[in-house]
Amino acid sequence: MSKLIITKMQIHSQERTVTALVEEGKVLELRLSSLEQEALLGSIYIGKVKNVSPNLDAAFVELSPGVTGYLPLSKELPYFTNPKKDNIVKAGDEVLVQVNREPLKSKAYNLTSNLSFTGKYLVLTSQRCQFSLSSKLNGEDRERLRKWLVPCMETEFGLIVRTNSKEAEKQEILAELEYLKKRWRRVIDICKGRTCYSLLEKASPFYIQAVRDVYGGTLEEIVTDISSIFTELREYLAEYQKEDTEKLRLYEDRLLSLNKLYSLERALDHAAKEKVWLPSGGFLMIQQTEAFVAVDVNTGKYTGKKKQQETYRKINLEAAREIAAQLRLRNLSGIILIDFINLERKEHQEELLNVFKKYLRRDPVHTVLVDMTKLNIVEVTRKKVRKSLAEEIGGK
């Protein structure tokens, strides 16, 4: 069972709000409040097209003066606030967009015209009018949810059924669907009478998103020592997640802070280091570059007396588990290249890949083990959504 902790910490002399997902005493995920006053991720705006790049097949759209986002045009038809006959995007056009990725390193905000409205059980999409289910749902659950929801589909929207739906009753899921449809229709209706740069729907605070996104089937408790956030979460849960209302608790022990109780400072410190020790004495070296993340597995201080290949097999299996955990903890994304210790036997290589896939499937962020190259480098991709933890800590 897991606990969601919400507290404040001093990081580089600045107070930051932190959410931590803790399971069996181990911190699985850390999220920090953005240094900007408001995080834009998930917010919906009427933006103005600043310029169009035919080579990139994209438009650069201003959300507000000086704040620009990148809107790909190849897969989506922009939603013009003033309908056009030719649907060709030009500088000066006003379009409805949603921020779907924070700026990463030197890149701009990533925007989409496929508006998505996320609930605990479902995601409603405005352009990709398809029905899909989480790959983490088993066959029986998928069939049951399909029977409940497919008859409710309309041609104007699509639905993604989230893993959390597994634990929900039919009436809870259908009620959320109606709520998401109302949000979607409200945005479409009000955009016609709003001016450029208008914020049509503000994203929920990141700690509410954390509460919404955590898998309810394993959530034991939501704990915060911030009274204003406790009040806000209590109201949110009463309105949208009644089944989790009793899990919320205000922590009031002044002798031992939540930070100290759950060793959050130590978890942040470890997540900032390149070297990660394994139980056997081996270690990982994790380096985040501009283009990709590199992970090197080393034998280190391992002193096992077994045969060399068995030694390598043991360290690699330990490394697979720890790498999956570190990707999630550090929120590393994009292309990830892992140099495991070379295994000569084919069955050991296959075992490693199967075990690694099992650990990666536990990650709520879409993560794919692509392949092992001829040089025995394992390629993994992890969806980019938020900044990495290192970028958040450093305020980059």
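1. Some ground rules. Residues are numbered from 1 along each chain as its sequence is written, and side-chain values use heavy atoms, with hydrogens and water left out. Because the model is predicted, local features need pLDDT of at least 70 and side-chain atom pairs count only at pLDDT 80 or more, while totals for chains, interfaces and linings use all residues.

2. Disulfides. A disulfide here is a pair of cysteine sulfur atoms within 2.5 Å, and the count by this rule is 0. Cys191 is in no disulfide either, with the nearest cysteine sulfur, that of Cys196, 12 Å away.

3. Exposure of two cysteines. Buried means under 20% relative accessible area, exposed over 50%, and partly exposed in between (1.4 Å probe, protein chains only). Cys129 is partly exposed at 37%, whereas Cys191 is buried at 1%.

4. Strand β1. Strands are DSSP runs of E with at least two residues, numbered from the N terminus.

5. Partners of β1. Two strands pair if DSSP finds at least two bridges between them. With β15 (residues 219–224), β1 pairs in the parallel sense over 5 bridges, and Ile5 stands opposite Val223 there. With β2 (residues 14–23), the pairing is antiparallel over 10 bridges; Ser2 has Glu23 as its bridge partner.

6. The turn. β1 and β2 form a hairpin with 2 residues between them, and His12 in the turn has a positive phi of about 50°.

How values were computed: Helices (H or I, at least four residues) and strands (E, at least two) are DSSP runs, numbered from the N terminus.
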